[in-house]
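Hi everyone, thanks for making time for this. I'd like to walk you through one structure, so let me put it up on the screen.

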Amino acid sequence: MILVTGGSGFIGRRVTSRLTEGGNSVRVLARGQRRADQPSGVEVVRGDVVSAEGLSEAMSEVEKVVHLVAIIRESGSQTFEAVIRQGTERLVESAKAAGVKKFVYVSAIGAQDDPYYPYLHAKWAAERAVALSGLKYTILRPSIIFGEGDEFFNALAGLVRYNPVVPVAGDGKAKFQPLWVEDLVTCIVACLDEEAHGGQTLEVGGPEHLTYEEILDIVKEALGKSRVKVHVPLAVMRPLAQMMEWVLPKPPVTRDQLKMLALDNITETDSMMRSFGVQPRRLADSLDYIKR
């Protein structure tokens, strides 16, 4: 039995589909009523990594775990510290008690021991919990993920589609390495092999390093839109981001995200081929979904 946390999310739904197609028994941990459609045969159990409610029951007969639960913005009690760090620590404890044979954790490029970047600091602390657990594990650090249902590229498409003038935060030179979601799923499934990449932390990304502004241009081209780009200084963006955090349940950008623009979100362009023998898709070849 394989337990997938975050199995109802953007990445998780694809992981469960791939695993069931491969003939695996799959169980999804769901926090509440949001129990998104799952492939036939997938067992859904209720539990919460933050409170640890239901984790012991969810781990019954589980041999492998894919841990995907995370948030990209904080809201009320759903903080990076609570969900990412503490949630991972509690899940690791339950996995150890259950004798899990392989634990795969999806972190993020840039995870680091620096509280100035709360999201990345929480990811680093979660990685530490996994690495020090005594479990056989693999940690994956992907760059930004694209595919039908993603937040980042669909949000950019919305900006381009409906605004004749598109704002660019700062100088637009922050670098990313967009990775197709199905390529990431291939990595996750490969890491579930007990003998594969044991005790390793692997950074993975697509075949290109692209600046934010280059990504915006690719989205514009995919939509066939001609738009004026206006660079907005970060000093101006920060108070706007704070205001949006106050009034919007899902602000398009947060102050923490603006901070991370100072960091390039990249690894080697051959990272997928070296670690998994996979040639990842280019962003420009896989954006049909934003046209819908």
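Okay, let's begin with a pocket: the second largest pocket has a volume of about 150 Å³. Keep in mind throughout that this is a predicted model. So which residues line the second largest pocket? From one stretch of numbering we have Arg73, Glu74, Ser75 and Phe80. The lining also takes in Glu245, Leu248, Pro249, Pro251, Thr254 and Asp256.

Now, on to the rings. How many aromatic pairs does the structure hold? There are 6 of them. Take Phe146 and Phe153: they pair edge-to-face, with 5.8 Å from centre to centre and 75° between the planes. Both Phe146 and Phe153 are buried.

Another pair is Phe152 with Phe176, and here the ring centres are 6.1 Å apart with the planes at 40°, so this one counts as tilted. That pair links distant parts of the chain, 24 residues apart: Phe152 belongs to helix α5, residues 152-162, while Phe176 is in strand β9, residues 175-176. Are these two buried or exposed? Phe152 has 25% relative accessibility, so we call it partly exposed. Phe176 has 11%, so it counts as buried. If you step back, ring pairs join Phe146, Phe152, Phe153, Phe176 and Tyr212 into a cluster.

Rings also turn up with charges over them. Look at Tyr116: the charged end of Lys259 sits over its ring, 4.5 Å from the centre. And over the face of Trp180 you'll find Arg281, at 3.7 Å from the ring centre.

Next, a glutamate to look at. Where is Glu127? You'll find Glu127 in helix α4, which covers residues 118-131. Glu127 has a relative accessible area of 7%, so it is buried. And what does Glu127 touch, leaving out residues up to four places away in sequence? The contacts of Glu127 are Tyr105, Ser107, Ala108, Ala111, Ile139 and Arg141.

Which residues of α1 are buried? They are Gly12, Arg14, Val15, Thr16 and Leu19. As background, an α-helix has 3.6 residues a turn, so residues three or four places apart point the same way. The buried residues of α1 pack against β1 (2-5), β2 (26-30) and α6 (181-191). After α1 comes Gly23, with a positive phi near 85°.

Ala52 is in the loop between β3 (43-46) and α2 (55-58). With a relative accessible area of 33%, Ala52 is partly exposed. Then there's Glu61, which isn't a glycine either, yet has a positive phi of about 65°. Glu61 is in the loop between α2 and β4 (64-67). Its relative accessibility is 67%, so Glu61 counts as exposed.

Okay, that's my tour, so over to you for questions.

Notes:
Residues numbered from 1 in each chain as written. Predicted model: local features only at pLDDT ≥ 70, side-chain atom pairs only at ≥ 80, totals over all residues. Heavy atoms only, no water. Phe/Tyr/Trp six-rings, centres within 6.5 Å; stacked < 30°, edge-to-face > 60°. Buried < 20%, exposed > 50% of the residue type's maximum accessible area, 1.4 Å probe, protein only. Helix = DSSP H or I, 4+ residues; strand = E, 2+ residues; numbered from the N terminus. Lys NZ or Arg CZ within 6 Å of the ring centre and 35° of its normal. 1 Å grid on protein atoms, 1.4 Å probe; cavity = no way out; pocket = protein on both sides within 12 Å on 5 of 7 lines; lining within 4 Å. Points joined across faces, edges and corners; volume = space filled by probe spheres on them. Contact = heavy atoms within 4.5 Å.
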